[in-house]
Amino acid sequence: MVQLGNSWDALLEDEFSKEYYQMLRRKLYYEYQTQTIYPDMYHLFEALKLTAYEDVRVVILGQDPYIGPNQAHGLAFSVQRGAAIPPSLVNIYKELQSQLGCSTPSHGNLEGWAKQGVLLLNATLSVREGLSNSHATLGWQIFTDRVVELLAQREEPMVFLLWGRNAQRKAGFVGPPHLVLQSAHPSPLSASRGFFGNGHFIKTNEFLEKEYGKGIDWQIYE
């Protein structure tokens, strides 16, 4: 049984016992035995482990993990220290600099955000090496739909940042009192079509400061 070590354990206990998840688990066991899968099995649920349910202030939805070695570690858009900063994250850093004057760090590890209440959740939590979307039909989407649904049920407001069509598919789960901000994905293929200049980091902090008296420190430190 999965142990997350925080309030997600009780909230997702029923989910982990459902037939679709048991089937997903069996498929994953085979995949890890026969293929190179990212992230390693110990980091599949890192986003939930680092950001407990009651601590979530912002949800950033990604698609699936990075497909190269030493990149994915269970947080959407984030890479392990020592890995090259991926193009989408380069664009996120550019937008942070433009909006908030954040300096660009030498690494792409976003754990500092997660520890402040930014849930960095991929819609699919695993992937085969070199094959984007290779685990998109295993059942992860059902699981992450439930995570988003549980968050949307919370009375304490939070911000959902939905960048790109894949993330925006989950918008239907979310309504007041939460703030939903949507734009193009930060990928180089689409960033110039609405991600750059979207103002999401400023709008997020304005909302959080009004609700909680404090926003997110978006600066990534060395």
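**Figure 1. Packing of helix α1 in the predicted model.** In this predicted model, the buried residues of α1 pack against α2 (19-34), α3 (46-50), β3 and α6 (140-152). Helix α1 spans residues 8-17, and its buried residues are Trp8, Leu12, Glu15 and Phe16. They cover an arc of only 95° around the axis, which puts them on the same side of α1. Ala10 and Asp14, on the other side of α1, are exposed.

Figure 2. Strand β2 (residues 58-62) runs parallel to β3 and is joined to it by 5 bridges. One of the residues in these bridges is Val58, whose partner in β3 is Val118.

**Figure 3. The largest nonpolar core and the surroundings of Trp218.** Nonpolar side chains tend to be buried together in soluble globular proteins. The largest nonpolar core here has 66 residues. Those with the most contacts inside this core are Trp8, Phe45, Ile60, Trp113, Phe143, Leu151 and Trp218. Helix α6 gives the largest share of the core, 7 residues. Leaving aside neighbours within four places in sequence, Trp218 is in contact with Val58, Ile60, Leu96, Leu100, Cys102, Trp113, Val118, Phe201, Thr204 and Asn205. Val58 and Val118, both in contact with Trp218, are also bridge partners.

**Figure 4. Helix α8 and its buried face.** Helix α8 has 13 residues (200-212), which at 1.5 Å a residue should span 18 Å; the C-alpha atoms at its ends are 18 Å apart, in agreement with this. The buried residues of α8 are His200, Phe201, Thr204, Asn205, Phe207 and Leu208. Seen down the axis of α8, the buried residues fall within an arc of 160°, so they line one face of the helix. These residues pack against β2, α4, β5 (159-163) and β6 (179-183). Glu206 and Lys210 are exposed, on the face of α8 turned away from its buried side. Gly213 follows α8 and has a positive phi, near 80°.

**Figure 5. Ser78 in the loop between β2 and α4.** Ser78 lies in the loop between β2 and α4 (87-100). Ser78 has a relative accessible area of 1% and is therefore buried, the cut-off being under 20%. The side chains of Ser78 and His73 are joined by a polar contact of 2.7 Å. At 2.9 Å, the side chain of Ser78 also reaches the backbone nitrogen of Leu110. Not counting residues up to four places away in sequence, Ser78 touches Tyr66, Gln71, His73, Gly108, Asn109 and Leu110.

**Figure 6. Asp40 in the loop between β1 and α3.** The loop that holds Asp40 is between β1 (37-38) and α3. Asp40 counts as partly exposed because its relative accessibility is 36%, which falls between the cut-offs of 20% and 50%. The side chain of Asp40 reaches the backbone nitrogen of Tyr42 at 2.9 Å. Gly74 is 34 residues from Asp40 in sequence, and their C-alpha atoms are 8.6 Å apart in space.

Note on methods
Residues are numbered from 1 along each chain as its sequence is written. This is a predicted model: local features need pLDDT of at least 70, side-chain atom pairs count only at pLDDT 80 or more; totals for chains, interfaces and linings use all residues. Side-chain values use heavy atoms; hydrogens and water are left out. Two strands pair if DSSP finds at least two bridges between them. Helices (H or I, at least four residues) and strands (E, at least two) are DSSP runs, numbered from the N terminus. Buried means under 20% relative accessible area, exposed over 50%, partly exposed in between (1.4 Å probe, protein chains only). A polar contact is a pair of N or O atoms within 3.5 Å; within protein, one must be able to donate a hydrogen and the other to accept it, and residues adjacent in sequence count only if both atoms are side-chain atoms. Contact means heavy atoms within 4.5 Å. The arc is that of the directions from the helix axis to the C-beta atoms. A nonpolar core is a set of buried Ala, Val, Leu, Ile, Met, Phe, Trp, Tyr and Cys residues joined through side-chain atoms within 4.5 Å. The expected span of a helix is 1.5 Å times one less than its number of residues.
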